[in-house]
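Here is a short briefing for someone meeting this structure for the first time. Please look over the sequence and the model before reading on.

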Amino acid sequence: MSYVDEVFDMVVAKNPAQPEFHQAVKEVLESLRVVIEANEEKYRRDALLERLVTPERQLLFRVPWVDDKGQVQVNNGFRVQFNSAIGPYKGGLRLHPSVNIGIIKFLGFEQIFKNSLTGLPIGGGKGGSDFDPKGKSDREVMAFCQSFITELYKYIGADTDVPAGDIGTGAREIGYMYGQYKRLTGLYEGVLTGKGLSYGGSLARTEATGYGLLYLTEEMLKCNGRDIKGRTVAVSGAGNVAIYAIQKAQQLGAKPVTCSDSTGWIYDSEGIDVALLKEVKEVKRARLTEYAAARPSAQYHEKKDGEHGVWSVKCDIALPCATQNELDLEDAKVLVANGCFAVAEGANMPTTMEATEYFQANGVLFCPGKASNAGGVATSALEMSQNSERLSWTFEEVDSKLQGIMVNIFHSLDEAAKKFGCEGNYVAGANIAGFLKVAEAMTAQGIV
């Protein structure tokens with residue numbers, strides 16, 4: 001049995017009932033096979049892959065808090081500090097009822113390679129809780145966040161582990177967490193990113209993941225002789241990533257016509273109205289039914305199992321920006337049949353492995369999330385730099401650095417794919433480019 005297969009079997013055996021983690025490891029190891037087999041004796045001797053797939057530290061803790069009725073609630077808190085070979089752990093905190101240790105490990109593992117691709121000195125980590133901020137009052141959210149950080153603060157710091165926002169964790173939640181961290185430690189440091197502008201946050205952080213997605217997509221198309229202008233774009237999600245991906249797509253001359261949330265999706269033949277979408281989602285925190293009610297050109301479709309949702313709409317470019325495994329093989333077949341020629345992931349692993357392989361087999365340009373959605377963590381690292389220097393850069397400075405990072409990421413993965421004989425396979429290219437830097441650092445630092 002090959003070293004790759006041995007390690008994958010070990011991961012499944014040692015991490016039962018964690019399918020998302022298994023999926024992430026399998027996808028990475030399969031695309032690294034050509035590199036690993038060329039260095040198998042050395043990597044096996046150093047147990048490099050075993051160390052790569054095993055987190056350096058896993059934290060699981062309870063989070064008790066009191067709701068507005070005086071009832072004590074208890075949630076599970078998680079932080080997986082996966083790999084610090086190239087820098088302090090960096091990765092978001094996800095607050096959603098679906099969160100469990102397997103999902104956090106999948107996200108943390110992906111984060112290793114994503115952070116490596118940015119070219120910035122940040123390692124991989126991820127955290128969160130099964131707490132759901134939806135429908136909670138500000139006081140309840142504050143109570144949860146303060147309790148969460150009261151346990152986590154012992155394990156994080158500006159040069160140790162720098163968490164950020166993610167699904168369910170926005171500026172409000174980061175603010176409450178940062179205030180409690182400062183209260184407990186007496187330190188005013190860049191320990192959390194996604195902070196408010198008045199206390200160390202970075203301009204362009206809110207827009208970064210969505211903007212970065214489009215910067216990379218534009219470069220991918222350009223390098224393949226295509227133009228983004230005039231193209232119809234299908235986008236899933238209606239959160240931070242989706243909203244700003246839609247906004248940047250419009251600025252680049254494309255026409256995004258869809259968005260979605262957990263209850264349904266919108267098709268707007270005139271193109272999504274970004275101002276209205278922001279009003280509905282960021283201000284009112286409402287459902288997309290309110291978008292449809294205010295926009296005559298919009299059609300609202302209730303989410304139904306077995307239907308293709310936004311992927312049923314004829315488009316040139318698909319940008320899945322919602323959640324893991326949202327785009328499956330049947331969706332991929334519909335997209336290809338409708339003429340879609342490019343897919344770039346805005347969420348973490350939103351496309352199943354079968355769908356990814358179908359896109360690649362049918363000549364669709366496909367970029368994985370660890371590359372195409374790296375703009376968020378890249379700008380978080382830029383926020384860390386500003387905090388360290390006690391400086392605040394302009395929006396234009398941050399946006400320009402972001403664009404440069406995303407363009408460089410595409411060329412890194414493109415060159416890695418060509419070098420290892422899989423030209424055009426950007427999944428393999430991203431994994432190889434991210435892995436080589438981490439592997440070199442791990443080897444240089446000895447068996448730790």
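This is a predicted model: local features need pLDDT of at least 70, side-chain atom pairs count only at pLDDT 80 or more; totals for chains, interfaces and linings use all residues.

Residues are numbered from 1 along each chain as its sequence is written, and side-chain values use heavy atoms, with hydrogens and water left out. Helices (H or I, at least four residues) and strands (E, at least two) are DSSP runs, numbered from the N terminus.

- Five strands form an open sheet with mixed pairing, in the order 1-2-4-3-5. Two strands pair if DSSP finds at least two bridges between them.
- Strand 1 (57-66) and strand 5 (161-164) are the edge strands. Each has a single partner strand, so one side of each has no neighbour in the sheet.
- From one strand to the next, the twist averages 20°.
- Strand 3 (residues 89-95) and strand 5 run parallel, joined by four bridges. Gly91 has Pro163 of strand 5 as its bridge partner. Gly92 stands opposite Ala164 in strand 5.
- Helix 6 (residues 138-152) packs on this sheet. Helix 6 touches strand 1, strand 2 (72-83), strand 3 and strand 4 (123-129). The direction of helix 6 makes about 145° with that of strand 1. Contact means heavy atoms within 4.5 Å. Axes are lines fitted to C-alpha atoms, for helices over the stretch in contact, and angles run from 0 to 180 degrees between N-to-C directions.
- In a regular strand, side chains alternate between the two faces of the sheet.
- Strand 5 is covered on both faces. Asp161 and Pro163 are buried on one side, and Val162 and Ala164 are buried on the other. Buried means under 20% relative accessible area, exposed means over 50%, and partly exposed lies in between (1.4 Å probe, protein chains only).

- An open sheet of three strands has antiparallel pairing and the order 8-9-10.
- Strand 8 (258-260) and strand 10 (298-302) stand at the edges. Each has a single partner strand, so one side of each is left without a neighbour in the sheet.
- The twist from one strand to the next averages 20°.
- Strand 9 (residues 264-268) runs antiparallel to strand 10, and five bridges join them. Ile266 has Tyr300 in strand 10 as its bridge partner.

**Helix 8 with helix 16**

- The axes of helix 8 (residues 208-223) and helix 16 (residues 395-419) come within 9 Å and cross at roughly 45°.
- Helix 8 and helix 16 are therefore oblique to each other. Angles under 35 degrees count as roughly parallel, over 145 as roughly antiparallel, 65 to 115 as roughly perpendicular and the rest as oblique.
- Their crossing is right-handed. A crossing is right-handed if the near helix is turned clockwise from the far one by less than a right angle, and left-handed if anticlockwise.
- The contact includes Tyr211, Tyr215 and Met220 of helix 8 and Leu402, Met406 and Phe410 of helix 16.
- The contact residues divide into 12 nonpolar, three polar and three charged. Ala, Val, Leu, Ile, Met, Phe, Trp, Tyr, Cys and Pro count as nonpolar, Asp, Glu, Lys and Arg as charged, and the others, Gly among them, as polar.

**Helix 8 with helix 9**

- The axes of helix 8 and helix 9 (residues 240-251) come within 7 Å, crossing at roughly 45°. That makes helix 8 oblique to helix 9.
- Helix 8 passes helix 9 in a right-handed crossing.
- Residues that meet here include Tyr211 and Leu214 in helix 8 and Tyr244 and Gln247 in helix 9.
- By class, this contact has eight nonpolar, four polar and one charged residues.

- Gln247 lies in helix 9 and is buried, with a relative accessible area of 15%. Beyond four places away in sequence, Gln247 touches Tyr211, Val274 and Lys278.
- Gln23 is in helix 2 (residues 19-38). At 18% relative accessibility, Gln23 counts as buried. Beyond four places away in sequence, its contacts include Asn325, Met349 and Thr352.
- Thr352 lies in the loop between strand 12 (342-344) and helix 13 (353-361). Thr352 counts as buried at 13% relative accessibility. Its contacts beyond four places in sequence include Gln23, Asn325 and Asp328.
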